[in-house]
Amino acid sequence: MKCPNCGFSLPEKSRFCQYCGTVLPGSAQQGKPAWQNEPAWQNIPAQQNIPAQQNIPAPESGISAQASPAAFAPSGAQPGIGAAFSSHKGKKARLCKACGAPIDPRTRKCVSCKTPASRISGQTAALAAVSILLVISLVFNGITVFTQNSAIQELERQLEQQLAEAERQHAQAEIEQLRTKADYYGRIRSFLKSSDAGYASDQFFANPCIMFLSQTSTGQSFYLATGFSNATYSCSTIGDSASVKFSETSWNGTSTKILVEPRSLGTTYATFSNNQNPQTFRVMIIVTS
């Protein structure tokens with residue numbers, strides 16, 4: 001649209017000319033320059049006792065409403081835009097999104113419709129939103145990674161503790177086994193040094209004199225040499241880890257079979273005697289796991 005007073009092109013839906021101040025068609029004060037309109041302070045109610053100014057100063061002499069807009073525009077102003085709206089510190093004027101009027105780069109409101117002018121472009125707003133989302137994502141990912149690393153470190157610490165405990169228990173089990181073996185070796189050494197370990201005489205002894213049985217086995221046997229004629233043989237035990245018994249009740253031969261059955265872990269000593277010779281001997285029976 002064009003201003004009916006000065007003829008300059010104006011944005012659509014403008015309410016007044018940005019160059020000569022003429023109120024545009026469709027306004028209540030059509031045809032009057034904006035500077036001739038009644039000031040707003042004259043509409044103040046009388047009861048406020050504020051005197052109304054009646055004499056409005058006329059425009060300076062030599063200035064006509066029909067004057068060319070170029071007379072008011074400084075050199076370098078953009079054609080079709082008033083000097084006040086051409087530029088400010090290198091910033092170009094923008095158009096109001098509500099009414100289409102040019103917006104002074106120095107203001108934040110449209111002088112035509114008073115609509116606030118956004119100084120942030122859509123592209124800038126989009127970049128800012130993307131930047132904020134990126135920062136939030138980085139912070140969230142950083143927190144997630146830190147939490148995961150903490151959880152992994154805690155699991156590693158627990159695993160190290162479990163391995164150390166397993167090694168300690170394994171070491172303790174091995175130590176206990178070594179102590180048990182050492183105890184057995186001590187007993188065996190002491191038994192072999194005794195004078196009655198499996199032998200009383202050439203006609204009365206056992207083979208072998210030390211027996212090893214597993215706790216889960218069904219039993220073993222060994223032979224007792226019985227060279228005395230018309231002799232009676234007997235056996236007594238110390239310890240309850242194994243049972244010892246004769247396989248027959250009469251002894252007419254030169255040897256007798258002795259049956260041994262495991263009962264529990266430990267050591268049992270079996271002492272054999274007869275009624276022909278006062279000498280006795282012992283057999284050591286060890287039951288292991």
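Mentor: We begin with pairing: two strands pair if DSSP finds at least two bridges between them, and strands (E, at least two residues) and helices (H or I, at least four) are DSSP runs, numbered from the N terminus. In this predicted model, Phe 272 stands opposite Phe 281 in strand 13. Local features need pLDDT of at least 70 and side-chain atom pairs count only at pLDDT 80 or more, whereas totals for chains, interfaces and linings use all residues. Residues are numbered from 1 along each chain as its sequence is written, and side-chain values use heavy atoms, with hydrogens and water left out.

Trainee: What makes strand 12 and strand 13 a pair?

Mentor: Seven bridges join strand 12 (residues 266–274) to strand 13 (residues 281–288), and the definition asks for at least two. The two strands run antiparallel and form a hairpin with six residues between them. Within this pairing, Thr 271 stands opposite Arg 282.

Trainee: Which strand pairs with strand 12 in the antiparallel sense over six bridges?

Mentor: That is strand 9, in which Cys 235 stands opposite Phe 272 of strand 12.

Trainee: Why are strand 7 and strand 9 said to stand at the edges?

Mentor: The open sheet has four strands in the order 7-13-12-9, with mixed pairing. Strand 7 (210–214) and strand 9 (233–238) each have a single partner strand, so one side of each is left without a neighbour in the sheet. Neighbouring strands of this sheet are turned by 25° against each other on average, direction ignored; the axes are lines fitted to C-alpha atoms, and angles in general run from 0 to 180 degrees between N-to-C directions.

Trainee: Why is strand 12 called largely enclosed?

Mentor: Buried means under 20% relative accessible area, exposed over 50%, and partly exposed in between (1.4 Å probe, protein chains only). Seven of the nine residues of strand 12 are buried, so the strand is largely enclosed by the rest of the structure.

Trainee: Why is the pair of Phe 272 and Phe 281 called stacked?

Mentor: Rings of Phe, Tyr and Trp (its six-membered ring) pair if their centres lie within 6.5 Å; planes under 30 degrees apart count as stacked, over 60 as edge-to-face and the rest as tilted. The search finds seven aromatic pairs. Phe 272 and Phe 281 lie 5.4 Å apart, centre to centre, with 25° between the planes, so the pair is stacked.

Trainee: Why does Ser 241 count as buried?

Mentor: Its relative accessibility is 2%, so Ser 241 falls under the 20% cut-off. Ser 241 is found in the loop between strand 9 and strand 10 (242–246).
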